[in-house]
Amino acid sequence: MAEAALTRGRTLLVVMRAFVTVHAVAILGQPVFAGRYLIGDYGMLAMHELGANIVSTVALAQLVPAALYWWRGGVQWPFWASLLLAGGETAQYFAGLAGALDLHIPLGVALVAIALGTLFGIWRTGTRR
């Protein structure tokens, strides 16, 4: 019984790592698309919008394994980090649609930093020293 619970916890950790990794890769593309747009490659705005849709969807989906991991006895910080990212990315999405670059750019920098911190943290979670 205890071994089955441990296996479920490990499986959830693997799923969490996959979501966080995909999320980090997707969010790292956003400044590239935005930068290309700002230097005159206007087609990149569509890529930036597509990237925003992907990042936001992954952030919301990431809440599910994070909540399950916590519920199954794992650490709780991945859930709170995922919730912070999902909320921040929602605000980011609407700031971008409104053209509020004074909010959109610094919030984007903060979200990339949080996503990378979450990536490094989740890959260290569960490792033995």
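Gln92 is buried, at 13% relative accessible area. Buried means under 20% relative accessible area, exposed means over 50%, and partly exposed lies in between (1.4 Å probe, protein chains only). Gln92 belongs to helix α3. Helices (H or I, at least four residues) and strands (E, at least two) are DSSP runs, numbered from the N terminus.

Beyond its neighbours within four places in sequence, Gln92 is in contact with Leu103, His104, Leu107, Gly108 and Leu111. Contact means heavy atoms within 4.5 Å. Gln92 and Leu107 are 15 residues apart along the chain, and their C-alpha atoms are separated by 6.6 Å.

## Model and overall layout

This is a predicted model: local features need pLDDT of at least 70, side-chain atom pairs count only at pLDDT 80 or more, and totals for chains, interfaces and linings use all residues. Residues are numbered from 1 along each chain as its sequence is written, and side-chain values use heavy atoms, with hydrogens and water left out.

The protein chain has 4 helices and 0 strands. From the N terminus on, the order is α-α-α-α. The C-alpha trace spans about 60 × 25 × 20 Å along its principal axes. The chain has 129 residues, and 35% of them count as buried. Among contacts with a separation of 6 or more, 66% come from residues 24 or more positions apart.

## Surface and charge

The protein chain exposes about 7800 Å², and carbon and sulfur atoms supply 72% of that area. Accessible areas come from the Shrake-Rupley method with a 1.4 Å probe; for residues, only the protein chains shown count as cover.

There are 8 positive and 5 negative charges, and their mean positions are 22 Å apart. Lys and Arg count as positive, Asp and Glu as negative; His and the chain ends are not counted. Each charge is placed at NZ of Lys, CZ of Arg, CG of Asp or CD of Glu.

Helix α2 has 28 residues. From first C-alpha to last, α2 reaches 40 Å, close to the 40 Å expected at 1.5 Å a residue. The expected span is 1.5 Å times one less than the number of residues. Buried residues of α2 include His48, Ala52, Val55, Ser56, Ala59, Gln62, Leu63, Ala66 and Tyr69. An α-helix has 3.6 residues a turn, so residues three or four places apart point the same way.

Ser56 lies in α2, which covers residues 44-71. A polar atom of the Ser56 side chain lies 2.9 Å from the backbone oxygen of Ala52. Not counting residues up to four places away in sequence, Ser56 touches Glu89 and Tyr93. Glu89 is among the buried residues of α3.

## From α2 into α3

Just after α2, Gly73 takes a positive phi of about 100°. Gln76 lies in the loop between α2 and α3. Gln76 is partly exposed, with a relative accessible area of 40%. A polar contact of 3.1 Å joins its side chain to that of Trp80. A polar contact is a pair of N or O atoms within 3.5 Å; within protein, one must be able to donate a hydrogen and the other to accept it, and residues adjacent in sequence count only if both atoms are side-chain atoms. Gln76 and Gly43 are 33 residues apart in sequence and 40 Å apart in space, C-alpha to C-alpha.

Helix α3 covers residues 77-98. Its 22 residues should span 32 Å at 1.5 Å a residue, and its end C-alpha atoms are 31 Å apart, which agrees. Gln92 is buried in α3, as are Phe79, Leu85 and Ala95, among others. Gly99 follows α3, with a positive phi near 75°.

## Helix α4 and the segment after it

Helix α4 covers residues 101-124. Its 24 residues should span 34 Å at 1.5 Å a residue, and its end C-alpha atoms are 34 Å apart, in agreement. Buried residues of α4 include His104, Leu107, Gly108 and Leu111. These four are also among the contacts of Gln92.

Thr125 sits in the segment after α4. Thr125 counts as buried, at 11% relative accessibility. Its side chain reaches the backbone oxygen of Gly121 at 2.9 Å. Not counting residues up to four places away in sequence, Thr125 touches Leu13, Arg17, Tyr69, Val75 and Trp77. Tyr69 is one of the buried residues of α2. Thr125 and Leu63 are 62 residues apart along the chain, with C-alpha atoms separated by 17 Å. Just after α4, Gly126 takes a positive phi of about 85°.
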